[in-house]
Amino acid sequence: MSKINSNQRQQMRRGPGGGGPGGGGPMGMMPGEKAKNFKGTMGDLIKYMRPFIAGIIAVLIFASMSTVFAIFGPKILGNIVTQVSEDYGSMMMYDEFMKNMPQGMKIPEGTTGEALIKSGRVPQEILNKIPENMRQNFEKLDFSKPRPGINFDAIVNTVLLLAALYVMSALLNYLQGYIITGIAQKITYKFR
């Protein structure tokens, strides 16, 4: 009887293809079997799915609505950031104007930044400090009223809307997952 070395023992354990029992390695792989009747198989699958068409349509609607709600979320969140930055900018412009306002100057009721600019009462150095994108906010400011603040009511309303959108998105996502799982289980049971 001849002696078997360790390489020969490994080869025997792997099999003829070199990748394991039965010749499984990359060289021993066989191409996948092609469908003999693809159209017929798809027809049978559609026949099995026909009783569940209402559920499948509901899943498509829920999935698209969930996606739409999730897409609008960041846009609405951006509105909160815009609100805070505009309110903060208005506060800073109001403070800057009041600090540099000429001594003894009285501001009539309802006087806006636009009216002050037209009357020439706003010093040029203040106008030069206002960024171009904040100029409209300055023109809308009513300088006869007390210092503006951050509009927390608008922020809270926006946060509530955002929360409702995300809850609806999550609920619709859950419902579509629940429905499609039930359909898949029933179809699998029919196949058996």
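## Aromatic pairs

The structure holds three aromatic pairs, a pair being two rings of Phe, Tyr or Trp (its six-membered ring) with centres within 6.5 Å. Planes under 30 degrees apart count as stacked, over 60 as edge-to-face and the rest as tilted. Y94 and F143 form a stacked pair, with 5.5 Å from centre to centre and 0° between the planes. Y94 lies in helix α3 and F143 in the loop between α6 and α7 (152-191), so this pair ties together parts that are 49 residues apart in sequence. Helices here are DSSP runs of H or I with at least four residues, and strands are runs of E with at least two, numbered from the N terminus. Y94 is buried at a relative accessible area of 8%, and F143 is buried at 2%. Buried means under 20%, exposed over 50% and partly exposed in between, with a 1.4 Å probe and protein chains only.

The rings of Y174 and Y178 have centres 6.2 Å apart and planes at 25°, so they also count as stacked. Both residues belong to helix α7 and are four residues apart, about one turn of the helix. Y174 is exposed, at 55% relative accessibility, and Y178 is exposed at 57%. Ring pairs also join Y94, F138 and F143 into a cluster.

## Basis of the values

The model is predicted, so local features need pLDDT of at least 70 and side-chain atom pairs count only at pLDDT 80 or more, while totals for chains, interfaces and linings use all residues. Residues are numbered from 1 along each chain as its sequence is written, and side-chain values use heavy atoms, leaving out hydrogens and water.

## Salt bridges

How many salt bridges does a search of the whole structure find? The search gives five, a salt bridge being a side-chain nitrogen of Lys or Arg within 4 Å of a carboxyl oxygen of Asp or Glu. One of them joins E114 and K118, whose closest N and O atoms are 3.7 Å apart. Both residues lie in helix α4, four residues apart, or about one turn of the helix. E114 is partly exposed, with a relative accessible area of 37%, whereas K118 is exposed at 68%.

Another salt bridge links E139 with R135, with 4.0 Å between the closest N and O atoms. These two residues are in helix α6, again four residues apart and about one turn of the helix. E139 is partly exposed at 26% relative accessibility, and R135 is partly exposed at 25%. D142 forms a salt bridge with K145, the closest N and O atoms being 4.0 Å apart. K145 is partly exposed, at 47% relative accessibility.

G110 is placed in the loop between α3 and α4 (113-119) and is partly exposed, with 43% relative accessibility. Not counting residues up to four places away in sequence, G110 touches D142 and S144, where contact means heavy atoms within 4.5 Å. G110 and S144 are 34 residues apart along the chain, while their C-alpha atoms are separated by 5.9 Å.

N137 belongs to helix α6 (residues 135-140). Is N137 buried or exposed? N137 is buried, with a relative accessible area of 15%. Beyond residues up to four places away in sequence, N137 touches E86, S90 and M93.

S66 lies in helix α3 and is buried, at a relative accessible area of 7%. Which residues does S66 contact, leaving aside its neighbours within four places in sequence? They are S169, L172 and N173. The side chain of S66 also reaches the backbone oxygen of S169, at 3.0 Å.

Helix α3 (residues 53-100) also contains I53. I53 is partly exposed, with a relative accessible area of 48%. Together with I57, I61 and M65, I53 makes a nonpolar surface patch of about 340 Å². Patches consist of residues with over 30% relative accessible area and no salt bridge, with like charges joined within 9 Å and nonpolar side chains (Val, Leu, Ile, Met, Phe, Trp, Tyr) within 5 Å. The areas come from the Shrake-Rupley method with a 1.4 Å probe, and for residues only the protein chains shown count as cover.

Methods
Polar contact = N/O pair within 3.5 Å; in protein donor to acceptor, adjacent residues only side chain to side chain.
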